[in-house]
Amino acid sequence: MRNKGLFFLIINLPPHIIIEILARLPPKKIIQCKSVCKKWLELINEPYFASFHFTLSIPSLVVHQTETFKNFFKIVHFDDKYDHHSLPRDTMLKFNLKNLSIFSDSNIVVDGSVHGFLLVRDVNYKHETLYVCNPLTREYFQLPSPKGLVRYPSVVTHGFGVSLISQEYKVVRIFHERELHPRNRSCVRVPYSETQVYTLGKTGWRTIGGAPFAYDSRSIGLFFEGRLHWLIQDLEAAHDLISSFDLENEEFRPIPPPFRPRRKLLGSLGVLKGCLCLCDNTSNFEIEIWVMKEYGVEESWGREYSIKKIPELSGPSYQIVHALKVFKDGNILIVWGNFFLLYCCIKSEVTKEVDMDQPIEPSSIEAIHYVPNFQSLTRFSIEKVSKF
């Protein structure tokens with residue numbers, strides 16, 4: 001009877017107090033609270049609740065695990081008490097984006113994440129399609145198909161972000177027609193390129209001109225400080241550089257790399273502790289992480305972390321490594337290629353694989369930064385929003 005009385009006391013609190021309480025719960029708990037009573041369901045579905053919750057939202061990760069006929073996505077929050085053995089399942093949300101596509105042979109990957117909205121792509125060349133989805137509201141819409149099909153050796157890369165001033169959400173698509181070296185199949189020339197922009201809530205793709213560099217199709221545009229960032233290649237010098245695309249004025253500009261340009265760089269861009277970083281897996285023995293402490297200032301680059309490779313992963317490598325999170329104690333969470341999620345202890349030089357409940361059959365893993373958001377995609381009025 002005492003618990004029952006406490007329950008009725010809580011559900012009859014003033015609405016603004018209930019919102020204050022519910023908005024501080026993990027997303028998984030908030031979704032469960034929708035089933036408590038009609039009043040809570042209505043409060044959580046209010047636009048004000050979504051906006052208020054977003055101001056309190058704790059940065060997390062979307063971990064994507066692909067298996068045969070399945071596309072599992074998990075929203076995971078790694079706090080500083082994380083024990084590194086397995087995924088923190090008590091707050092983990094799991095969803096399957098396979099249902100987005102009507103095609104049974106679809107292959108869904110994540111191409112961008114901003115403010116809780118994901119840009120996902122069906123990479124099957126027969127029906128390559130782009131979607132924007134919100135995994136918390138289970139909403140999505142399909143973007144119109146851009147002109148032209150992509151056929152090898154042509155490549156395409158995407159980015160997703162929001163402009164700083166106008167607050168417009170934009171998808172950027174960069175297409176490259178390539179000429180390859182007859183023996184090693186490396187790109188030697190880009191006779192034609194095209195940059196297209198799609199603004200959510202507006203009609204159609206806009207072509208804004210060519211792309212000034214040769215873009216690495218293995219990487220997606222990293223959103224940071226109102227710009228998208230890619231590792232690029234100077235074909236004349238065969239060097240790797242960094243390019244940024246300002247989402248407000250829709251212009252490209254280069255960013256100086258942290259070291260003298262290299263002919264071979266197994267690198268990836270990321271964000272650690274609010275700073276742009278470059279994770280370099282070129283060495284046979286260690287992974288280097290460079291951090292740009294003051295955005296856009298070349299002199300602020302510094303090698304902040306060095307991760308000793310475990311024996312199984314030492315030696316020549318062809319895998320890109322992504323740095324995801326630095327914990328309070330200085331330990332780091334990384335993704336090795338699309339095979340392992342690794343927890344690296346800097347002081348002890350011990351690296352352990354995070355238990356992902358790996359299936360017996362072949363699978364792949366990717367991860368991207370994500371901020372939980374209950375705001376509806378219907379805010380982009382002209383888009384046809386569906387549920388998955």
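**Stop one: two crossing helices**

Keep in mind that this is a predicted model. Start by selecting residues 15-22, helix α2, together with residues 38-45, helix α4: their axes come within 11 Å and cross at roughly 75 degrees. That makes α2 and α4 roughly perpendicular to each other. Now show side chains where they meet. On the α2 side, pick P15, I18, I19 and L22; on the α4 side, pick K39, W40, L43 and I44. Colour that α2–α4 contact by class and you get seven nonpolar residues, one charged and no polar.

**Stop two: the cores**

Next, select F49, L97 and V120. Within the largest nonpolar core, which has 33 residues, these three touch the most other members. Zoom in on F49 and ignore its neighbours within four places in sequence: what is left in contact with F49 is I19, L22, A23, I30, L43, I44 and F374. Apart from that core lies another one, of 18 residues; to find it, select L272, I289, Y305 and V326, which are among its members.

**Stop three: the cysteines**

C275 counts as buried, at 16% relative accessibility. Then move to C345, where the closest cysteine sulfur belongs to C344 and sits 9.1 Å away, again too far for a bond. With a relative accessible area of 21%, C345 is partly exposed.

Conventions:
Residues are numbered from 1 along each chain as its sequence is written. This is a predicted model: local features need pLDDT of at least 70, side-chain atom pairs count only at pLDDT 80 or more; totals for chains, interfaces and linings use all residues. Side-chain values use heavy atoms; hydrogens and water are left out. Axes are lines fitted to C-alpha atoms, for helices over the stretch in contact, and angles run from 0 to 180 degrees between N-to-C directions. Helices (H or I, at least four residues) and strands (E, at least two) are DSSP runs, numbered from the N terminus. Angles under 35 degrees count as roughly parallel, over 145 as roughly antiparallel, 65 to 115 as roughly perpendicular and the rest as oblique. Contact means heavy atoms within 4.5 Å. Ala, Val, Leu, Ile, Met, Phe, Trp, Tyr, Cys and Pro count as nonpolar, Asp, Glu, Lys and Arg as charged, and the others, Gly among them, as polar. A nonpolar core is a set of buried Ala, Val, Leu, Ile, Met, Phe, Trp, Tyr and Cys residues joined through side-chain atoms within 4.5 Å. Buried means under 20% relative accessible area, exposed over 50%, partly exposed in between (1.4 Å probe, protein chains only). A disulfide is a pair of cysteine sulfur atoms within 2.5 Å.
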